[in-house]
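Thanks for making time, everyone.

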Amino acid sequence: MHRRMLTMVAAIAILAGGTAAGWPAPVAGQTSGQSQTGQVKTDWSQQKLEAFAAASVALGDVQANWETRIADAETQQQREELRRDANQAMAQTIEDAGLTPEQYQRIYRAARQDETLHSQIMQLIEDKRSG
């Protein structure tokens, strides 16, 4: 169950310019979402964390739909067009949940560095899936 979420979050990380490296491993040389002291913000509001969890759950379905369509494309050009469309659909899904793609990415990065935040987010995601 966590593996699917990690795969989906990795796709969003790539969408937002991140990497698909293991989560919550530390990220070297990170700048986006960092304060002037170089620390990643980890004190996100409950509302933002719930929006992140809702977006993560919804993105699982979006990703599954687009992966199939991209895999079924006949040409490289079609695959590239579908990837662009998929990126737009994923960004819209994040915005529909109440975050910008940049906020989603910053929370993702913070969770990779803060195990407590990671655990809190995973619990919210599990609650959304079971609720």
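First, a caution. This is a predicted model. Please keep that in mind throughout.

So, the overall picture. The protein chain has 5 helices and 0 strands. Read from the N terminus, the order is α-α-α-α-α. The chain has 131 residues, and 37% of them count as buried. Its accessible surface is about 7,400 Å², with 47% of that belonging to carbon and sulfur atoms. Now the contacts. Take those in the chain with a separation of 6 or more: 77% of them come from residues 24 or more positions apart.

Helix H2 covers residues 46-72, and helix H3 covers residues 76-96. What is the angle between H2 and H3? It is about 170°, and their axes are 10 Å apart. Angles over 145 degrees count as roughly antiparallel, so H2 and H3 fall in that class. H2 crosses H3 in a right-handed sense.

Who touches whom? From H2, the contact residues are Ala55, Ala58, Leu59, Val62, Trp66, Arg69 and Ile70. From H3, they are Arg79, Leu82, Arg83, Asp85, Ala86, Ala89, Met90, Thr93 and Ile94. Sorted by class, this contact has 11 nonpolar residues, 1 polar and 4 charged.

Helix H4 is residues 101-113, and helix H5 is residues 115-130. These two pack at about 120°, with their axes 5 Å apart. That angle makes H4 oblique to H5. The crossing of H4 and H5 is left-handed.

H4 brings Ile107, Ala110, Ala111 and Gln113. H5 brings Glu115, Leu117, His118 and Ile121. By class, the H4 and H5 contact splits into 5 nonpolar, 2 polar and 1 charged.

Last stop, Ala111. Ala111 sits in helix H4. Is Ala111 buried or exposed? The relative accessibility of Ala111 is 0%, so Ala111 counts as buried. Ala111 is also one of the H4 residues that meet H5. How far apart are Ala111 and Ile121 in space? They are 7.8 Å apart, C-alpha to C-alpha, and 10 residues apart in sequence.

To recap the two pairs: H2 and H3 are roughly antiparallel, while H4 is oblique to H5. Over to you for questions.

Notes
Residues are numbered from 1 along each chain as its sequence is written. This is a predicted model: local features need pLDDT of at least 70, side-chain atom pairs count only at pLDDT 80 or more; totals for chains, interfaces and linings use all residues. Side-chain values use heavy atoms; hydrogens and water are left out. Axes are lines fitted to C-alpha atoms, for helices over the stretch in contact, and angles run from 0 to 180 degrees between N-to-C directions. Helices (H or I, at least four residues) and strands (E, at least two) are DSSP runs, numbered from the N terminus. Angles under 35 degrees count as roughly parallel, over 145 as roughly antiparallel, 65 to 115 as roughly perpendicular and the rest as oblique. A crossing is left-handed if the near helix is turned anticlockwise from the far one by less than a right angle, and right-handed if clockwise. Contact means heavy atoms within 4.5 Å. Ala, Val, Leu, Ile, Met, Phe, Trp, Tyr, Cys and Pro count as nonpolar, Asp, Glu, Lys and Arg as charged, and the others, Gly among them, as polar. Buried means under 20% relative accessible area, exposed over 50%, partly exposed in between (1.4 Å probe, protein chains only). Accessible areas come from the Shrake-Rupley method with a 1.4 Å probe; for residues, only the protein chains shown count as cover.
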